[in-house]
Amino acid sequence: MITEKGLEVVLREQLNSGSIEPQSFLLNLVELHNTHSSERNVQDLIIRCLENRERFKEYGHILDYLLEARGLFPYKKFDDNFKDKITKNIVTSPLINEMGGSKLFHIKQFDVYQLLMKRKSVILSAPTSFGKTLLVEALIATRTLSNIVIVVPTLSLIDELKKKFHKYTVDSDEYVVKYKIITQVNQAHGNNNIFLYTQERVIEKEGFPVIDFFVVDEFYKLMPQGMDDYRSERLNIAFKKLLSLCGFFYMLGPNIKNINPLTLSKLGCRYIDESNFITVATNEYTFTIPPGNDAERDVTRNEYLKKIINNISGEQTIIYCKSPKRASILANLLSEIIPLKKEHDLNSLSNWLKETFHPDWSQSKIIQHGICAHHAKLPRSIASLFVDLFNEKRINVLVCTSTLIEGVNTNAKNIIIYDDCITKRVQLDSFTYNNIAGRSGRMFEHFVGNVFFFGEKPTDGLNQIDIPIISHSDNVPDSLLLHYDEPYSEKIMGRLNKYFDQDVLSIDVINKNSGVPPEAQLEFASDLMENFQSWHKLMCWNNMPNSGQLNHINKMAEKYFSIKSFASGAVKSDVQLSRKIVSILKNETLKDIIDQDYEYFSEDDDDFTIDDAVLRNFDFRRKILGHYYPVIINAINNIQEYVFTKFGYKAGNYKAFILRVESLNVTPSLMTLEEYGIPISISLKANKVWKVKDSDSFDEAIDKIKCCSYSDDFKLSELELKILEKNIIFL
Amino acid sequence: MKKWLQTRLTDEDYAFNPDFAFLGTVNWINCLAHNCNDFYPVESMFVPELQEKANSLSISNENRVFEYLFMAQHSLVGLNTIVENITFPSDVCKLCVYAWYDCILNSIRAMVISNTGIIPQNEIQLEKLWFELVEEFDFIPVPFRLQIKDLTECNVKNEIESLRNGNLFTLNSFASNYEQAFGGLVSYFSGTIKYYVDCEKNKLLESELFISQGILNFRTNKAKEYRDTHLSNLTISFLSCLTRFKGKVLERDSIFLSYGNVQDEKVTKMLNDLLLVAKCFSDIAEQFCAKNIDPSAWRLFRADLDENSRLTAIF
């Protein structure tokens with residue numbers, strides 16, 4: 001007698017070979033299902049049948065039986081009979097699909113939805129295509145909650161969700177409740193609001209209304225991945241803040257094996273692990289790469305890559321690389337294999353990228369082959385544009401870094417994991433592997449996805465997730481310990497004594513500067529106290545600093561907070577940092593600065609390319625000026641305010657300066673439009689009509705923009721107009 | 001309180017008029033700054049005119065341009081640092097004027113070399129080349145393009161009248177608008193012409209030619225003819241005004257700026273005006289030179305300064 005495992009193997013072989021007798025195949029599958037063993041594999045086989053549904057047409061009722069039995073209701077073809085009507089009625093979600101009908105939950109979604117509807121908090125671990133976010137949308141669609149906060153790790157996810165939830169913001173005769181989507185800290189509230197925030201914005205936000213429900217996406221990021229994981233620290237702080245405002249939450253993430261029991265009991269919520277419930281099947285192919293350095297291993301990788309690309313020609317494919325530079329190199333390599341697409345729109349986009357950024361930026365050329373390199377250095381609007389083009393199948397290959405795998409949804413059929421590590425030294429673990437591989441396939445579009453892995457498949461992963469701010473684990477940076485509620489354990493108290501037994505800075509100030517090491521804050525504050533008279537003139541300024549004050553503050557940013565170390569080589573000294581900021585304040589064009597860098601660095605380094613210069617400048621603008629610099633200068637601001645006030649001196653206020661640098665010296669609201677997919681170059685042109693001023697709040701800016709969302713006076717190209725029109729509706 | 005030193009100096013020289021000199025010094029810079037405000041920050045005003053000129057300089061000439069620009073920057077940054085930290089303006093006014101002068105002079109040198117490929121060997125040659133440069137490029141902004149060729153009395157009178165066009169504003173008052181400031185500039189320009197004409201006339205009187213012919217003054221037709229022939233070939237430009245101003249302030253005017261009545265507010269204003277004018281001029285020079293230099297070398301120069309210059313970045 002054939003074993004269950006043997007039967008599964010036989011069925012899989014039959015499916016692969018294509019020599020199937022449909023009826024017996026499906027009956028065997030029913031038999032296997034009835035054994036209730038290896039449920040994931042049975043589900044996998046059922047989903048694979050969907051890929052060739054036509055072949056099973058005559059026995060569709062058996063397939064539908066299996067789909068129903070496995071709870072895959074969205075895939076089932078429902079009949080008009082009573083039983084089907086009842087079932088369908090039960091699993092119908094409040095969501096509307098593209099055809100105007102109701103979307104159905106699968107059984108596991110239904111279970112979680114039921115809990116959420118009973119206002120039970122849930123932590124859900126489930127694979128990428130499970131439809132975890134759909135449950136959030138379902139709750140919104142019930143329009144029973146007034147204020148919802150959704151915390152996501154990246155601005156790309158804010159962009160994606162904003163578009164997804166836009167339909168709940170428009171006036172409708174059917175519903176009284178309409179939401180306002182709030183993405184910025186300083187936006188005014190409506191009657192009902194969906195706050196789409198990163199953890200930083202949750203912390204920064206003052207005066208939340210009464211919150212009914214909050215969501216933490218990619219909740220595994222609550223567990224610090226080292227003693228300098230400040231994003232995790234901030235997520236913990238944000239989580240604590242939200243928990244103090246609302247007891248009803250939903251946290252979602254992929255492939256988590258379990259949660260620290262202490263955390264679970266303190267939170268009093270349900271943990272549901274549905275990691276094995278798949279909605280798409282995956283073919284995994286592993287390619288062995290001989291040991292060696294990257295250059296040596298790339299030779300083999302590239303051989304495999306060329307073969308794969310030739311075989312999957314034209315299919316939507318994501319290729320994972322460990323760094324933006326490698327993504328860029330690989331995208332260029334692929335452009336030699338993949339022919340030009342000769343599409344008018346791609347040509348226009350190519351020309352626009354050349355004009356806007358740099359004529360020799362390789363991305364502007366390779367996009368004509370339907371290839372993009374997607375990574376965190378790209379301006380936000382461009383990254384968003386690339387994802388949209390990929391999902392619209394205008395481009396077919398996205399070469400990406402880890403940025404794209406943190407929750408952004410695409411319609412990739414194939415995933416090629418080119419690098420088997422996350423950074424130069426850190427190997428890919430099984431958690432990250434699954435996270436990347438999970439991006440292959442998409443419900444209703446690609447029932448079966450392909451994953452091609454170059455290297456040895458990882459086995460170790462995240463075993464247990466902890467939420468330190470709840471469990472009071474001591475394996476976290478001091479800065480997070482300072483946010484713990486009392487009582488402290490002896491060990492924690494031992495670490496915190498140095499902060500409690502000092503009178504240089506208050507704990508409130510230290511905590512306010514989240515993301516900045518407390519030791520560095522204390523060292524700076526001590527020196528400021530020693531030098532407060534001589535430094536006062538250099539530090540007591542409002543609005544904009546003069547040159548000496550700018551240099552002084554940058555000196556402080558480097559000396560105490562090592563700003564240079566975040567700059568990936570783009571800044572080598574505090575003086576140079578000042579010069580670069582001045583060039584931004586003087587509105588020197590990005591193109592000129594890129595040219596300068598290229599000319600200069602390529603003199604000594606033959607390998608330095610124009611792409612390196614482009615990426616370096618993107619990185620400086622987005623990572624340093626857009627994030628680290630504001631965080632550090634804000635900390636300096638808070639500390640000088642505290643110290644000078646303590647000594648009875650007038651303190652400075654750097655907020656306007658921070659905003660100006662963060663906005664790259666353009667009107668802040670226009671820079672915010674980058675998050676809405678509208679490139680700053682387009683906003684600046686259109687603003688001749690919009691007339692958004694520096695002093696306008698983002699809400700005021702939106703009103704002005706909506707008043708004249710189209711005008712001949714924009715003087716935009718056809719492509720620019722398309723980009724604008726496509727995104728402006730989501731404002 | 002009796003101004004003992006001033007009394008002694010006035011007793012010795014009746015032309016010594018501190019109040020008048022103080023106003024001229026402070027107000028001229030103010031008029032320049034007023035005019036600079038009209039077009040500052042400097043935008044890409046030179047692009048269309050100079051595109052054709054790229055790639056014509058030797059490496060040695062390029063190096064001189066870079067050197068002079070860097071030296072100009074050094075003085076500008078120094079001036080900026082002083083102005084940003086003024087406690088007692090009179091203490092530093094002389095230093096500021098020197099830094100201001102050095103910044104503009106080196107900027108002019110860089111502009112001239114980048115445009116002509118000639119390295120001026122002395123101030124007379126520099127003056128001549130600068131004069132020609134301004135004649136050639138009519139986009140050099142107004143406060144820096146007041147200049148005249150032919151310093152004969154009649155021509156000067158006509159030119160000044162034409163420039164004044166009924167604007168009688170002088171440096172005895174503080175200009176409060178562009179028009180008044182322009183009047184002030186013409187006033188100083190006119191004074192500068194008179195100063196240099198007097199110098200030239202004195203030089204002539206002391207020249208071998210005049211001595212050998214026994215000419216002691218300009219009352220005779222022959223003396224007038226010599227004088228007018230000589231003056232008709234001379235020029236006065238912004239560079240002449242600059243040099244005269246520096247000369248005055250570094251000499252006796254420095255006493256007016258640091259002695260007697262408390263004038264801190266006005267002197268502070270003057271120092272801020274010096275800074276604005278210097279910033280403006282160095283921006284113009286930088287843009288002008290950028291268009292004359294090989295773009296690749298220019299980019300390297302900028303990127304190198306970006307990384308290696310130890311000077312404070314100013315804006």
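Trainee: How many residues from chain A and from chain B does the contact take?

Mentor: Contact here means heavy atoms within 4.5 Å. By that rule, chain A brings 25 residues and chain B brings 23 residues. Keep in mind that this is a predicted model, where local features need pLDDT of at least 70, side-chain atom pairs count only at pLDDT 80 or more, and totals for chains, interfaces and linings use all residues. Residues are numbered from 1 along each chain as its sequence is written, chains are lettered from A and ligands numbered from 1 in the order in which they are written, and side-chain values use heavy atoms, with hydrogens and water left out.

Trainee: What is the area buried between chain A and chain B?

Mentor: Buried area is the accessible area (1.4 Å probe) that two parts lose on being put together, summed over both. Between chain A and chain B that is about 2,300 Å², and carbon and sulfur atoms give 49% of it.

Trainee: How many salt bridges does the rule find across the interface of chain A and chain B?

Mentor: The rule asks for a side-chain nitrogen of Lys or Arg within 4 Å of a carboxyl oxygen of Asp or Glu. It finds 6 salt bridges across this interface. One of them pairs B:Glu307 with A:Lys572, whose closest N and O atoms are 3.3 Å apart.

Trainee: Which elements give two or more residues to the side of chain A that touches chain B?

Mentor: Helices are DSSP runs (H or I, at least four residues), numbered from the N terminus. The elements in question are H24, H25 and helix H26 (590-604) of chain A. H25(A) gives the most, with 7 residues.

Trainee: Now the backbone. Where does A:Ser562 lie, and what is its phi?

Mentor: A:Ser562 has a positive phi of about 50° although it is not a glycine. You will find A:Ser562 in the loop between helix H24 (547-559) and helix H25 (574-585) of chain A. A:Ser562 is partly exposed, at a relative accessible area of 34%; buried would be under 20%, exposed over 50%, and partly exposed is in between (1.4 Å probe, protein chains only).

Trainee: What about A:His472?

Mentor: A:His472 is not a glycine, yet its phi is positive, about 60°. A:His472 sits in the loop between helix H18 (468-471) and H19 of chain A, and is partly exposed with a relative accessible area of 22%.

Trainee: Is the peptide bond from A:Glu486 to A:Pro487 cis or trans?

Mentor: That bond is cis, with omega near 0°. A:Pro487 belongs to the loop between helix H19 (478-481) and helix H20 (490-500) of chain A.
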